[in-house]
Structure formats: structure tokens, C-alpha cells
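This report describes a few local features of one protein chain. Please look at the sequence and the structure before reading on.

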Amino acid sequence: MAKFNLSFVQGLKLAEKAALVSGKNFWFTAGNADKNIPKIMVTDGPSGLRKQADDADALGLNQSVQAISFPSSALTASSFNTNMLYQLGQHLGEAAKAEQVSVLLGPGVNIKRSPLAGRNFEYFSEDPYLSGEMGAAYVNGVQQQGVGVSVKHFAANNRESQRFTSSSNIDERTLREVYLAAFEKIVKTSQPATLMCSYNAINGVLSSQNYRLLTQILRHEWGFTGLVMSDWGAVADNIAALKAGLDLEMPGNGDYSVKQIIAAVKSGELEESVLDTAVLRVLQLVEKYHIETTSGEYDKEEQHAFARQMAADSMVLLKNEQQVLPLKATDKVAIIGELAQKPRYQGGGSSHVNPYKLVTPLAAAQASQQDINYAAGYHIDQSQADEQLVASALIAAKASDKVVVFAGVPERDESEGFDKTTIDLPENQTDLINQLATVNKNIIVVLQNGSAITMPWQDKVAGIVETYLAGEAVGEATWDILTGAVNPSGKLAETFPIRLSDTPTYGTFAVSRREENYHEGIFVGYRYYDVKDRDVNYPFGHGLSYTSFKYDDLVIDSDSQKVQVTFNVTNTGDLAGQEAVQLYVNNLASDVETPVNALQAFEKVTLAPGETKQIQLVLGRRQFAWYDVKRQAWTVDNGDYVINIGSSSRDIRLSQHVAVKLGANISQPITSETYISEVINRTDLRPAIEESGLSESLDMIANVEDNQELLANMPMRAVVMLGADIEQLNKFLALVNK
Ligand code: BGC
């Protein structure tokens with residue numbers, strides 16, 4: 001292959017260059033046989049390969065080659081296990097390489113801002129730190145196999161309704177701290193081959209032609225050297241897009257795009273050097289990731305086994321009263337719900353995979369030694385109850401020791417391309433659970449859904465297992481958890497609210513066709529429920545185990561480089577288990593709104609019964625920083641912070657204050673707007689107070705008993721109302737700012 005560099009690019013004809021920056025078709029970049037430039041294939045998506053041979057579409061409608069359907073990101077994030085995400089990436093990369101796919105279109109790292117968002121299943125979390133860590137590990141795994149990724153959808157793609165045009169209106173601090181943070185982390189630590197720009201606009205400017213986003217922030221600030229491609233059909237104006245820093249338009253607009261570019265260069269509207277840069281990035285991608293030949297083979301059985309392990313290690317045991325789980329070998333179990341037989345195990349849309357080997361929960365149960373009895377209970381494609389199915393389910397439930405009800409959100413209600421209108425389960429399922437609870441007290445609900453749901457029945461059931469969309473090994477993994485072959489260790493990567501009206505975006509989400517206003521600012525997910533002190537069904541980070549863990553011996557060391565946190569975790573039960581320990585930071589030092597608790601580190605630890613392990617978590621500057629819009633910089637304030645160590649965001653086991661010294665000590669200038677309270681007690685300012693003659697007025701304020709707060713709550717310019725004169729104030733300001 002030719003060595004592609006700038007002089008090679010400059011030697012191409014204008015038409016040849018123009019042809020290279022838009023895709024050849026749905027899944028291929030444009031090649032050029034004369035110039036020895038091969039085409040490369042790109043393919044969805046985050047949870048498995050969707051390589052289409054013919055009849056291409058971006059919506060998952062047409063068949064693709066068989067591939068392993070791995071758990072969707074909503075579930076994989078619940079593993080809280082970066083090592084596992086890395087392995088997932090490796091498996092996906094291996095499959096892509098075998099299928100001659102150069103770039104895998106994933107992971108999706110958008111933030112779950114509303115549980116109504118149709119594509120939540122495909123994203124990791126409501127938390128930017130967790131999303132960034134999971135995404136970076138996934139990217140490293142794929143790229144370790146020599147396959148590129150496309151991290152998507154850059155950025156603020158948080159709803160599906162009118163996703164091609166809607167403007168996400170966000171203040172700068174929120175954008176940086178919540179919506180860009182995961183992308184920033186991945187770009188800076190994992191050098192992804194490509195990013196995919198989102199369909200939506202941000203503050204009125206389409207992402208595909210957003211110079212600030214694609215060039216100033218992504219390249220100038222973060223140092224991204226890879227390629228930016230468009231989401232499929234996200235380009236409205238390909239010249240504006242090239243100027244903004246978009247390199248590759250997908251799926252390409254054929255001759256039309258090429259003609260536009262040629263005309264724009266000829267008229268001087270588009271500088272040819274801008275086009276050259278985009279062409280060079282396309283060629284560098286092709287050079288690095290082109291796959292010459294391939295066997296087409298990989299070990300699908302091994303990949304299926306990994307899909308099973310990953311799903312089981314990520315499923316979340318939400319509730320387990322009277323140790324109803326794990327099932328005992330002697331339990332007679334009623335398995336109820338059509339989802340046991342026709343599981344929902346993957347999301348709809350572009351991430352839809354043609355599975356290699358789907359194992360349903362019913363099949364897994366039937367293959368076991370357990371005494372089981374199945375009844376469908378409801379039709380998944382209907383919301384109305386079928387009385388006959390209900391009656392048979394009740395008979396089965398009565399005759400059993402325990403009842404496992406499979407419930408979930410039908411695919412018709414949850415997919416890429418549209419948002420949901422409810423987070424309730426269909427009525428026939430809710431009614432069935434309520435009725436079953438009247439005939440058997442050992443009800444265990446197994447959930448299959450893409451994102452948080454309500455559970456009005458939860459007090460009536462003994463156990464709840466959240467399996468999300470668990471991939472093709474859904475049956476085996478679910479059965480592993482139910483029987484205790486695998487001890488559950490997943491933790492929620494999103495909050496489960498009590499009702500939709502409790503959620504941060506209630507009443508505003510997807511209301512306007514044109515725009516989405518991010519009124520809640522930085523208070524997304526648990527940050528919102530915590531600051532409002534609102535009850536939730538299950539908090540962020542929650543997940544039970546069949547064993548128990550004790551936390552102790554917290555020690556924190558703080559210096560000007562880092563904060564180092566150590567503590568012990570002990571398995572106090574008699575089963576081996578894994579615990580995802582979580583570290584939250586509570587900032588008491590800064591004079592700006594900050595979350596009550598923000599996840600800033602986590603680790604998954606495996607412990608034998610009775611075993612103790614010491615955990616060490618090291619926090620850097622960024623873990624304490626907030627984005628200062630005025631200075632356009634991440635800022636750390638020195639001072640008092642609380643380090644909270646928990647088994648969930650609302651199950652804090654250890655807590656300690658720490659004096660953080662990582663800040664830059666930026667001193668604020670003293671002006672006539674500075675508050676008297678910030679001046680009055682500073683001994684370093686005392687000489688200037690004396691010399692300027694302000695001491696009499698300020699001492700008077702300091703000595704007034706009743707109105708001290710009122711007076712101290714006035715700016716320095718108000719001292720003239722308290723007896724000082726303006727010359728004294730000016731002299732003071734001149735002295736302190738000398
Ligand atoms: C989706 C992308 C996907 C692309 C190609 C788009 O509709 O938003 O996530 O990668 O199609 O299928």
C-alpha cells in the first residue's frame with residue numbers, strides 16, 4: 001500500500017479528493033484503484049457485529065451475518081468491571097477482524113438523562129465518570145485487536161425524537177462536566193480511531209458542522225488525531241461540515257457531495273487545504289486499519305461463553321428478601337411469562353445483531369435438573385390480559401414453592417429512533433405480578449428492559465433481578481444467577497426512580513420538537529435525586545450479593561499531587577463473591593453548585609468467604625475539579641472534601657474529611673464587589689485596612705452583634721453607607737492590588 005502523507009494527498013486530483021471524504025455506500029469508504037487506495041468496511045455496533053452483506057440499512061431492519069449478541073451497554077456498565085469491558089472489546093475486535101471489518105461503530109457513551117430516552121439501552125450510564133471508564137476500556141480492547149472504533153454520538157445526543165434536528169441547549173459547565181466528559185476521557189487515554197458526530201445540534205449548531213465541538217474542543221483542547229465521521233445522514237451541508245472539522249460523510253451522498261466540494265473549492269468558499277486535511281485523515285485510517293485478507297473464522301462458542309459470563313457478572317440483584325434466591329435444587333419452580341420463552345435480549349435499531357446461538361431462559365431451565373413448570377401468563381405483543389393465560393399461571397404458581405416471573409418492556413416500546421412515553425411495564429404484566437403475589441409469597445421478578453422502569457408491585461414480591469438486555473446467552477446467564485451458580489455482583493449504572501414525575505427532566509423531556517433544554521444543569525441522575533433529597537426505588541450503584549461485605553480501616557493521604565485512599569473489604573458470608581466498591585467525592589470547598597456526591601473511583605474485587613483485601617484508590621486533580629466557564633478551565637479549590645466509600649451511592653459505609661491540596665491557589669482580586677465578609681477577617685489585609693482608614697467602619701461591622709450577617713453580606717462598595725468615604729475605599733483597593 002502506498003504511504004499516505006500530505007504530499008500524496010496534494011498529488012491527487014480535486015475530484016479524487018472530493019470522492020474520498022464521503023462514503024462509497026452504507027458500509028464502505030471510497031477506494032481508488034488507480035491510486036492504490038483500498039476501501040475499508042465499517043459496521044455496527046456496540047454489542048455485536050452487524051455486518052450486512054446486501055440490503056443495507058441503518059436501522060437494523062435487514063439481516064446481517066451471524067455474530068455473537070453480547071449484552072447491551074446498559075447491562076455491561078452494571079458490571080462495574082473495566083477488565084471485562086476490555087475483554088468484550090477484544091472479542092468484538094476479533095470478530096470484526098475475522099469478518100474483514102476495519103472499524104466498529106461503537107461504543108455509545110451518551111449520558112442517560114431521562115429514562116424515557118429510546119436509546120438508553122445502548123449507552124452506559126447516567127454518570128460521566130463511569131461512562132468514560134467503561135468506554136475507554138472497551139475502546140482499548142477493540143483497538144488492541146487492530147480494529148478501529150467509532151465512539152458515538154458526539155455529543156449531547158440524549159433523545160431520539162427529532163434526533164436529526166433537535167437542538168440540545170446546554171450551559172457550558174454542564175456540557176463539559178456531564179456530556180463531554182466521557183468522550184474527553186476516551187480521547188485522551190485511548191486514542192480512538194474515530195468519533196462519530198451526533199445528529200442533533202448543540203445550542204443551535206448541528207454537531208456535524210460544529211467547529212467549536214469538532215475542532216476547537218476535540219482537536220485543539222483534547223489533542224484528538226483520529227478521524228471524525230458523521231452519523232448516518234447527519235450532514236446537512238457538507239461544505240460547512242468539512243470546514244467545521246468533519247472528515248468523512250457517511251453513508252455518502254455520491255456524486256452530489258463530490259460536485260458540491262469541487263464547486264466550493266473552485267469558488268474559494270472552501271480552502272483546498274481543509275479538504276486535504278480531511279482526505280489525509282481518511283487515508284491514514286485506511287492505511288492503519290485496512291484488512292488485506294482474513295480467514296473469516298473465529299471461535300464463536302468461546303465468544304458465546306464469554307457473553308454468558310459477562311451477562312451473569314453484570315446482572316443486578318435488586319431485592320432478595322428471606323433469601324428467596326438462590327433457588328434450592330429441591331425447589332419446585334413455576335416459570336411464568338412469555339419473555340422466558342421469547343426473551344428480549346437486545347436493542348432495536350442499528351445495534352441489532354443476527355445472533356449466533358440464542359439460549360432462552362426457558363430452555364436453560366429445562367436443560368437443568370430443576371423441577372419446573374412453565375406458563376406464558378401474558379402475550380408480550382399485547383397490553384391486554386389474556387384471562388386463560390392468567391388462570392393457568394395462577395394454577396402453576398399455587399402448585400410451586402417459588403415463582404419466577406419474567407417481565408419486561410416489549411421491543412415495540414423501546415428502540416433506537418423514538419423515545420418512550422412511559423416507564424411502566426405493560427398493564428397485563430403488572431396485573432399478572434399482582435395476582436401471582438396473592439397466591440404465592442415467593443415471587444421473584446426477572447426484568448428484561450433497556451432502561452429504568454417503575455415497580456408499583458415491588459413490595460409484594462420477594463426477589464427482583466434486573467437483567468436488562470442480556471444478549472444471546474440470556475437464558476444461561478439468568479439461570480446462573482437464579483440458581484447461584486454465579487453469585488450476583490452487578491450494580492445499577494442508573495437510578496431507578498419511584499415514578500416518572502420524580503425524574504430530573506419530567507415535563508420538559510422531548511416536549512418541544514425543535515429543542516431540548518437542559519434545565520437541570522449538572523444535576524443529572526443521582527446528582528439530582530441527592531441534591532433534592534428525593535427517595536428512589538433503587539439508587540445508582542445498588543446491587544445485592546448472596547454473600548455480605550464489611551468495609552473498614554479507611555485511611556486517606558493527601559498531598560499536592562494526589563489523594564490516596566485505602567480501606568479494607570471483607571467477605572463476611574460463606575460464599576465467594578465480588579463487590580464493586582465505589583468512591584464518591586463531596587466537595588465542601590468550592591463556592592459553586594456541586595453534586596452532593598460524585599463517583600470518582602470504583603473497583604471490583606473478588607473475595608473468598610472470610611477473605612479481606614485492601615483496596616487502594618488514587619485520585620488525581622480531575623477527580624476534584626469543576627469546569628470554570630469564566631476561566632475556561634478545570635479548577636480545583638483547595639479545602640475540605642468528604643470521601644465517601646459505599647456499596648451504592650446511598651449505602652455509604654466509610655466516610656472521612658480530607659484537606660485537598662491539589663488546587664492552583666488562584667487568588668481572586670479584591671474589588672469593590674468583594675464581600676465585606678471575605679475581607680474583614682483576613683489578617684494579611686489588615687495593614688491595608690489600617691493604612692486606608694477603613695478600620696473604623698469595618699471594626700464597627702465586626703463588633704455589631706445583631707446585624708453582623710446582614711452587614712457582612714454587603715460588598716466593599718457599600719462601606720460608604722456605613723461611614724467610610726470613597727477615597728478610603730479606593731486607597732484600600734489600590735494598596736491590596738498593588
Ligand atoms: C445510528 C448510528 C449507527 C449508524 C449506522 C445511525 O442511525 O445513529 O449509531 O452507527 O446508523 O448504522
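The model is a predicted one. Side chains of opposite charge can pair when their charged atoms come close. In this model the count of salt bridges comes to 43. Three of them are listed here.

| Pair | Closest N to O distance |
|---|---|
| Asp44 and Arg50 | 3.0 Å |
| Asp247 and Arg281 | 2.7 Å |

Asp247 forms a salt bridge with Arg281, and this pair links distant parts of the chain, 34 residues apart. Asp247 lies in the loop between H9 and H10, while Arg281 belongs to helix H11 (residues 272-289). Both Asp247 and Arg281 are buried.

Is Asp44 buried or exposed? Asp44 counts as buried because its relative accessibility is 5%, under the limit of 20%.

Helix H22 (726-736) comes next. Its buried residues are Leu729, Phe732, Leu733 and Leu735. Seen down the helix axis, these fall within an arc of 160 degrees, so they line one face of H22. Helix H18 (676-680) and helix H19 (686-692) are among what covers them.

Val720, Met721 and Ile726 form a nonpolar patch on the surface, with about 280 Å² of accessible area together. Met721 sits in the loop between helix H21 (708-712) and H22. Met721 is exposed, at a relative accessible area of 61%.

Definitions and conventions: Residues are numbered from 1 along each chain as its sequence is written. This is a predicted model: local features need pLDDT of at least 70, side-chain atom pairs count only at pLDDT 80 or more; totals for chains, interfaces and linings use all residues. Side-chain values use heavy atoms; hydrogens and water are left out. Patches are made of residues with over 30% relative accessible area and no salt bridge: like charges are joined within 9 Å, nonpolar side chains (Val, Leu, Ile, Met, Phe, Trp, Tyr) within 5 Å. Accessible areas come from the Shrake-Rupley method with a 1.4 Å probe; for residues, only the protein chains shown count as cover. A salt bridge is a side-chain nitrogen of Lys or Arg within 4 Å of a carboxyl oxygen of Asp or Glu. Helices (H or I, at least four residues) and strands (E, at least two) are DSSP runs, numbered from the N terminus. Buried means under 20% relative accessible area, exposed over 50%, partly exposed in between (1.4 Å probe, protein chains only). The arc is that of the directions from the helix axis to the C-beta atoms. Contact means heavy atoms within 4.5 Å.
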